[in-house]
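Dear colleague,

Please find below the structure I promised to pass on, followed by some notes on what was found in it.

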Amino acid sequence: MAIRIGRLLFQALEHIPQVFWILDPLTRRQVYVSRAYEGIWDRPRKSIYAHAGSFLESVHPDDQQRALAMFDRQLRCESTLERFRLIHRDGTVRWIKSQCVPIRAGKLRRPLMCGVAYDITDFRRAVSQCESEG
C-alpha cells in the first residue's frame with residue numbers, strides 16, 4: 001500500500017495547533033496558511049490570503065514596529081525569530097512566537113518563506129508564576 005506523503009502532510013498541517021505558513025516574498029502573497037491561524041489570530045484565513053500583511057492588524061500597538069520589521073525581513077528572504085502580542089476581538093491578549101526560514105521549492109529559482117507561529121501565553125504565564133514563587 002502506497003502512502004501519499006503530500007496529502008498526509010497537508011492533513012497534518014491542517015490539524016496541528018500551530019500556525020504553519022508559506023509566503024512568496026516576490027509577489028507578497030500568502031501561498032498557504034494552516035487552519036490554526038483562525039484560532040490563534042482570531043481572524044479568518046481569507047484575510048491573510050487577500051493581503052499577507054493583514055496579520056499585523058491584530059498585533060498589539062506596542063509590538064507593531066517589531067512585527068513590521070519581522071515582516072520586512074521575511075520579504076527580503078531573511079530568517080526571523082520573534083515574539084509579539086496579539087489582541088483578539090474580545091480584548092484578550094495572547095503572546096505569539098513566530099519563526100521563519102527561506103526554502104527552495106521545486107523549480108522556483110527564488111526562495112519562499114516557510115514559517116511556524118504558536119501561542120506561548122500559557123508558557124509565559126507558568127514561567128512568571130514560578131519566578132514569583134521562587
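In β4, Ser-98 is the bridge partner of Glu-82, and Val-93 is that of Ile-87; helices (H or I, at least four residues) and strands (E, at least two) are DSSP runs, numbered from the N terminus. The model is a predicted one, in which local features need pLDDT of at least 70 and side-chain atom pairs count only at pLDDT 80 or more, while totals for chains, interfaces and linings use all residues. Residues are numbered from 1 along each chain as its sequence is written, and side-chain values use heavy atoms, with hydrogens and water left out.

β3 and β4 pair in the antiparallel sense over eight bridges, where pairing requires that DSSP finds at least two bridges between two strands. The two strands form a hairpin with five residues between them, and Gly-91 in the turn has a positive phi of about 90 degrees. They belong to an open sheet of five strands, paired antiparallel in the order β2-β1-β5-β4-β3, whose edge strands are β2 (29-33) and β3, each pairing on one side only.

Turning to the helix, α4 (residues 64-75) has Ala-67, Met-70, Phe-71, Gln-74 and Leu-75 buried (under 20% relative accessible area, 1.4 Å probe, protein chains only). Seen down the axis of α4, these buried residues fall within an arc of 140 degrees, so they line one face of the helix; the arc is that of the directions from the helix axis to the C-beta atoms. They pack against β1 (19-24), β3 (80-87), β4 (93-103) and β5 (112-119), contact meaning heavy atoms within 4.5 Å. α4 is followed by Cys-77, whose phi is positive, near 65 degrees.

Terms used:
Buried means under 20% relative accessible area, exposed over 50%, partly exposed in between (1.4 Å probe, protein chains only).
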